[in-house]
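Let me put the model up, and then I'll walk through the surface, the helix packing and the charged contacts.

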Amino acid sequence: MNSPTFQILMLLTVILVVIMTVVLFAVQQANREIPGLRAWAYSYLCGLLLCVSFLLRPHVPEGPAVIVSQVLLFTSAWLNLVATQIYTGRRPWTRTCFGWALLIVLGLASYLTWQQPEPRLRLALILGAGGTLMLLSALAMLSAEIRRQPERYLFTLACGTHGLALLATSLSLLLIQTHPTDLERLDFVAQFVLIESIVVLVMRAFGVVMLANAHITAELRHFAERDPLTSIYNRRSFMTLLDKSVNLMQRMNSPLSLLGLDLDHFKRINDTWGHGSGDQALRHFVQLTTEHLRNEDVIGRVGGEEFIIFLPNTGLEAAACVAERLRALIESQPVAGPHGPIALTVSIGVTLIAKGETQEAALQRMDEAMYRAKAKGRNRVELA
């Protein structure tokens, strides 16, 4: 491992890892809310320290240098797995698990360094452990969401390829009998692993940056499409979805109904208990409503206390039944206010979009039905 070729490769790797580590820490500092990015940055920092330890190997005693490099390699792979678990919404492995795993690796490495010197087995051990963690990272990233987030493919490919390469190398070291002092062959294996790792480091870093960018893009899209208070669709996004659904339902000759909902005496809630209670009432209403809608039903907030729901494949009579259930549900479950329960009711207008009719005409008819419900005493359902 002291050959000029190996030293040049290590120097190249150090330069690349320095750039990648700085980039990841810079992105993490600017976007602290990205899940897993901090662990990825520290994973690359451990990788950087590992590369530096290889460069300093000729000037450091063999035993401590081996132990340090194995600890850094294992920690880097572990942090990569933890970052992947966090990013994909899985529960990350605990620090206790990491501590026990590290103690086992450290104990075996120490035994194979001082008690029973076996460079081949020692290298196979750490490559097997690192390869397993990398393969687990690739498997953790593989989920149903990968179809909706193609940025995950590059990261999955990098980790999966690297994990398989490390495991294959580890297995070959265990199966091919070599003399413990055959350092030339071990040097060749180390250089092969290093070259493969350089390629994977670049791919994985680009993958992490792409994942971070995908998360930021998804957050921006969420803020652009969703109401910040209730997290349902805002007016613009709702109308876009409604237009697409109207066109689809009319091509399929299927019914589509509209429900216009307006919370009764909402201004009184704000004036009596404050705007905080008003916000809580809106969130309470949305939570109750969404829990009792189908997955294909869509609700949007189109005004202060005004909401619209469209029900695909639902006729007028069925839509009226849905509206009545929602009205009774809202009335039966008041808002938990700071000074006791706050009564909440809703007036609902229901209409069916006729074949060939524009959504503007249907919305106008829905509004008229909703205002008729309010004029007749509120807390009721009116059909257009």
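Predicted model: local features only at pLDDT ≥ 70, side-chain atom pairs only at ≥ 80, totals over all residues.

L11, I15, I19, V23 and V209 together make a nonpolar surface patch of about 410 Å². V209 sits elsewhere, in helix 7, which covers residues 183-225.

Okay, on to packing. Quick reminder on how we talk about this: two packed helices are described by the angle between their axes and the distance between the axes.

I've got two pairs for you. Pair one is helix 2, residues 37-55, with helix 3, residues 62-87: the packing angle is about 165°, and the axes are 8 Å apart. Anything over 145 degrees counts as roughly antiparallel, so that's what helix 2 is relative to helix 3. As for handedness, helix 2 passes helix 3 in a left-handed crossing.

Pair two is helix 5, residues 119-141, against helix 6, residues 152-175. Here the angle is about 155°, with 7 Å between the axes. That angle makes helix 5 roughly antiparallel to helix 6. The crossing of helix 5 past helix 6 is left-handed. What does that contact consist of, by residue class? For helix 5 with helix 6, we get 15 nonpolar, 11 polar and two charged residues.

How many salt bridges does a search of the whole structure find? The count is 12. One I'd like you to look at is between the side chains of D264 and K374, at 3.2 Å, N to O. This pair ties together distant parts of the chain, with the two residues 110 apart. D264 is in the loop between strand 1 (256-263) and helix 9 (266-273), while K374 belongs to helix 12, residues 359-375.

Methods:
Residues numbered from 1 in each chain as written. Heavy atoms only, no water. Axes fitted to C-alpha atoms, helices over the stretch in contact; angles between N-to-C directions. Helix = DSSP H or I, 4+ residues; strand = E, 2+ residues; numbered from the N terminus. Parallel < 35°, antiparallel > 145°, perpendicular 65-115°, else oblique. Left-handed = near helix turned anticlockwise from the far one by under 90°. Nonpolar A, V, L, I, M, F, W, Y, C, P; charged D, E, K, R; others polar. Patch = residues over 30% accessible without salt bridge, like charges linked within 9 Å, V, L, I, M, F, W, Y side chains within 5 Å. Areas by Shrake-Rupley, 256 points an atom, 1.4 Å probe, with all protein chains shown as cover. Salt bridge = Lys/Arg side-chain N within 4 Å of Asp/Glu carboxyl O.
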